[in-house]
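We will go from stop to stop.

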Amino acid sequence: MRYEGPIYRPPSEADSLLIQATVGCPHNRCTFCMVYKNGIKYKVRPVEDIKEDMREAVGEYGEYVRTLFFPAGNTIAMKTDKLCEICHYAKDLFPNLERITVYGSSQYIAGKGSDGMKKLAEAGLSRIHVGLESGDDEILRLIKKGTDSKQQIEAGKYVMGAGIELSLYVILGIGGKERTRQHAAETAGVLNRISPDFIRLRTFVPKINTPLLKDVMDGTFVMLGPHEVLRETADIIKRLEVNSYLTSDHYTNYINIEGKLPAARERLLQIIEAGLRKSENQFRPFFVGKQ
Ligand code: SF4
């Protein structure tokens with residue numbers, strides 16, 4: 001198997017076979033993201049190379065492959081027909097394959113429309129991880145996400161409507177002190193319109209070589225402290241009216257919470273309340289992310 005550039009995968013894909021279909025990210029502008037900055041340019045690998053890697057994996061792992069993840073920043077941006085082709089190919093090759101997953105930003109999903117998502121679902125694509133980050137348009141503009149709340153809702157509905165599982169990522173603290181209220185209210189509002197299968201919480205950690213780290217260092221962006229992040233989390237959860245599994249499955253978070261909403265709401269809020277009773281110096285310290 002051949003890999004090029006940094007290979008990232010969500011924690012939930014820890015047991016998945018990783019086959020690279022694209023390299024880099026076609027957007028590559030988000031101010032908090034260091035993934036492909038100054039690195040490799042976005043490209044789609046030749047379909048024949050992708051298939052060759054899959055054939056090699058059959059020899060190694062064959063019937064043990066139950067989940068397959070096509071890594072890199074925005075594999076959903078591949079031409080729909082090519083992505084369908086490799087999904088079909090994977091299903092034919094791996095007899096016990098249960099799930100095929102990619103990362104995808106809302107602007108590329110919206111570009112494919114409802115029909116594109118349905119085609120991909122028929123081909124076997126079964127889960128998409130989307131960086132919602134925030135539902136607040138001003139924050140989305142400031143972080144240069146390349147999309148807005150209207151398009152994020154539209155894209156989310158296309159994915160869910162096609163029967164593809166949707167995993168939406170929210171970055172706690174991405175509005176800083178200045179927009180924490182708007183971030184909580186607008187993010188909950190967008191999540192309520194979509195009701196995704198999964199809501200995955202990450203806490204903002206400034207990363208090296210990113211514009212947002214520079215803003216943190218020169219004081220233009222004031223980060224939330226641990227208690228403020230917990231209050232923002234509680235604010236979001238109180239506003240949610242979704243049937244979604246919420247999880248904070250990431251090392252950046254101050255506390256671990258997970259459960260199916262709405263049933264888990266009170267339990268999650270109690271865990272947050274307990275966290276707020278701890279002193280701030282009992283949480284992880286500030287650090288600059290290097291990966
Ligand atoms: S956050 Fe995602 S869409 Fe934004 S630059 Fe990084 S990989 Fe690309």
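Select Leu-17: its bridge partner in β4 is Leu-68. Strands here are DSSP runs (E, at least two residues), and helices are runs of H or I with at least four residues, both numbered from the N terminus. This is a predicted model, where local features need pLDDT of at least 70, side-chain atom pairs count only at pLDDT 80 or more, and totals for chains, interfaces and linings use all residues. Residues are numbered from 1 along each chain as its sequence is written, and side-chain values use heavy atoms, with hydrogens and water left out.

Now show β1 and β4 (residues 67–70): two bridges join them, and they run parallel. Two strands pair if DSSP finds at least two bridges between them.

**The whole sheet**

Colour the strands in the order β1-β4-β5-β6-β7-β8-β9-β10. These eight form an open sheet with mixed pairing.

**Ser-167**

Go to β7 (residues 165–172) and pick Ser-167. Is Ser-167 buried or exposed? Ser-167 is buried, because its relative accessible area is 0%. Buried means under 20% relative accessible area, exposed over 50%, and partly exposed in between (1.4 Å probe, protein chains only).

**Across to β8**

Select residues 198–203, strand β8: six of its six residues are buried. Phe-198, Arg-200 and Arg-202 are on one side; Ile-199, Leu-201 and Thr-203 are on the other. In a regular strand the side chains alternate between the two faces of the sheet.

Show β7 beside β8: they pair in the parallel sense over six bridges. The chain gets from β7 to β8 through helix α6 (residues 180–194), in a right-handed β-α-β crossover. Right-handed means that, with the strands pointing away from the viewer, the path from the first strand over the helix to the second runs clockwise. Val-170 stands opposite Leu-201 in β8.

**Last stop: β9**

Which residue of β9 is the bridge partner of Phe-198? Select Tyr-245 to see that partner. Strand β9 (residues 245–247) pairs with β8 in the parallel sense over three bridges.
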